[in-house]
Amino acid sequence: MEAALRPCSMVQSTLPTLPFEKPILHLTFNSIPTSIFRPIRQCTARSRVSTAVSSTVSTEQINPVEPDVQNHSQEEKFNWLLQWYPVMPVSDLDKRIPLAKKVIGLDVVVWWDRNENAWKVFDDMCPHRLAPLSEGRIDQWGRLQCVYHGWCFNGSGDCKFIPQAPPDGPPFHTFKKACVSVYPTTVQNDIVWFWPNTDPRYKDILMKKQPPYIPELDDPSYTRLMGNRDIPYGYEILIENLMDPAHVILGQSFEVHMTETRVAFTVKVDREGGRPLEMKIEKLDQSGFIGKQEWGTNKFISPCVFYASGQLPSMEKTNGSASSVETKKVSPGHSRLIWAFPRNFGVWIDRVVPRWIFHLGQNLILDSDLYLLHVSEHKIMDIGPSNWLKACFVPTKSDACVVGFRKWLIKYAGGQVNWPTKFSSSLPPTPPKEQLMDRYWSHVVNCGSCRVAIKGLNALEVVLQVVSVAAIGILAATKQSLMSVSARTALVSMAVICFAASRWLSHFIYKNFHFHDYNHALR
């Protein structure tokens, strides 16, 4: 994996030099990745989603952050632009088509450079008339072409061809202003990452600092189902939700039975009351924190990786799984979630069952609290993000990771994301629920498996309708004397069954690929 950087820059950043010597979570990322999760890799585990239970109110006042954390230098400030950010899983990218994405407020285009055999991340703006390069194409020579006027760029951002320039005239394509801004890019754990800074100082950033590495995602003995979805609430709310195990039972009733079978040996879980959950923060610094709970360990690797693993007595020691989640800051009020649930048992299931089947349930989990978290973010913005610890009453230990994240955000990042581009301080207005919880534009079009699935299901729906109409047509056009009663009955039955199946399939497609109204009161 090599970082790609353009040879010339339109605008150079003046950001401070990155303190490369400071390790993430006090563990160094090497050029040859080594596990930063070695202490928990062999423990038996389940993903956070299926082991979390709610907590009842405790009279014990807790301090989720250890006292020694409070003594860290106040001069340590987190720089949002000196970090690696995930763009998309490779499995959801198409090498034939450039794809537009917004990450940490930057409009970028990710595309496959077949000449260098590598994914590239460019500024999504042609230097000619500022048209989006993501609306362009990859030409026959493997260059990214802007379709507005046909300017072509290689993988280093150099302009290689301007159709309007006379061949015997000045070589305008070699001018510095004809270059496209190119970000350092790499692929790790089958995810495309980019460094949001085009300053030449960071040309070899990959040699000094790598993205967080999760060994299970590269272990062939583990399965690694990945998915991604655009979320209509901000980065802070998304991170908190991922770190909060207590809401799973109350908010997502379909998890109750799975959880009960695993924890019934300790305390009976009920939907209304939940149970106390022991959690604490063991260390917190600028690079994130480590959280401990009853069944395992959580790791927040700033700014955008959350890793959770757990241990349950009912599982064999040789079996394990973990949940790995990468979050992306898109813009205020918007974020993107990339998830993976690696496990080394039942691996054959993922080889037989297509990925989109799993996404149906995973999207349902996200839908279960999507609307309420969108509303909650607006309320937090009204009181001011810096007042979160004062406004929210979080007395139980189940909120330790959430409180730890807010303390990290306030202590090292000033309480909010430092966006590199200008944004209004207000959040976008709340759209209708059908638009807010839309699955098609937030997930399906960005998922390689679901895109194929919905095309196939739509085609099947049309086939069923055609068969139904054809059966009725044959029945009407054939004289009664030329067709037996049994044949006519068979045609009528086939027409009815095909029509009913097409209507059911239409409902299934809409509910699972477009909009699913999650009503907690009726579940």
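L130 sits in the loop between strand 4 and strand 5 (137-138). Its phi is near 65°, a positive value in a residue other than glycine. Most residues other than glycine have a negative phi, and most peptide bonds are trans. L130 is also exposed, with a relative accessible area of 52%. Here exposed means over 50% relative accessible area, buried means under 20%, and partly exposed is in between, with a 1.4 Å probe and protein chains only.

Before going on, some ground rules. This is a predicted model, in which local features need pLDDT of at least 70 and side-chain atom pairs count only at pLDDT 80 or more, while totals for chains, interfaces and linings use all residues. Residues are numbered from 1 along each chain as its sequence is written, and side-chain values use heavy atoms, with hydrogens and water left out.

Now the overall picture. The protein chain has 13 helices and 18 strands. Helices (H or I, at least four residues) and strands (E, at least two) are DSSP runs, numbered from the N terminus. Of the 523 residues in the protein chain, 53% are buried. Take the contacts between residues at least 6 apart in sequence: 72% of them join residues at least 24 apart. A contact means heavy atoms within 4.5 Å.

Back to the backbone. N117 has a positive phi too, about 55°, although it is not a glycine. N117 belongs to the loop between strand 3 (106-113) and strand 4 (118-123), and at 58% relative accessibility it counts as exposed. Then there is a cis peptide bond, from S302 to P303, with omega near 5°. P303 is in the loop between strand 15 (296-301) and strand 16 (305-310).

Another loop residue is N418, between helix 10 (400-413) and helix 11 (433-436). N418 is exposed, at 53% relative accessibility.

Next, a pair of helices. Where do the axes of helix 8 and helix 12 stand relative to each other? The axes of helix 8 (residues 355-383) and helix 12 (residues 448-477) come within 8 Å and cross at roughly 100°. Axes are lines fitted to C-alpha atoms, for helices over the stretch in contact, and angles run from 0 to 180 degrees between N-to-C directions. So helix 8 is roughly perpendicular to helix 12. The cut-offs are under 35 degrees for roughly parallel, over 145 for roughly antiparallel, 65 to 115 for roughly perpendicular, and oblique for the rest. On the helix 8 side, R355, W356 and H359 meet G448, S449, C450, A453 and L457 of helix 12. By class, this contact has four nonpolar, three polar and one charged residues. Ala, Val, Leu, Ile, Met, Phe, Trp, Tyr, Cys and Pro count as nonpolar, Asp, Glu, Lys and Arg as charged, and the others, Gly among them, as polar.

R343 is in the loop between strand 18 (334-340) and helix 7 (347-352). R343 is buried, with a relative accessible area of 14%. A polar atom of its side chain lies 3.1 Å from the backbone oxygen of G346. The side chains of R343 and D350 are joined by a polar contact of 3.2 Å. A polar contact is a pair of N or O atoms within 3.5 Å; within protein, one must be able to donate a hydrogen and the other to accept it, and residues adjacent in sequence count only if both atoms are side-chain atoms.

C159 is in no disulfide either, and the nearest cysteine sulfur, that of C152, is 7.4 Å away. C126 is buried at 2% relative accessibility, and C159 is buried with a relative accessible area of 3%.

How values were computed. Disulfide = S-S within 2.5 Å.
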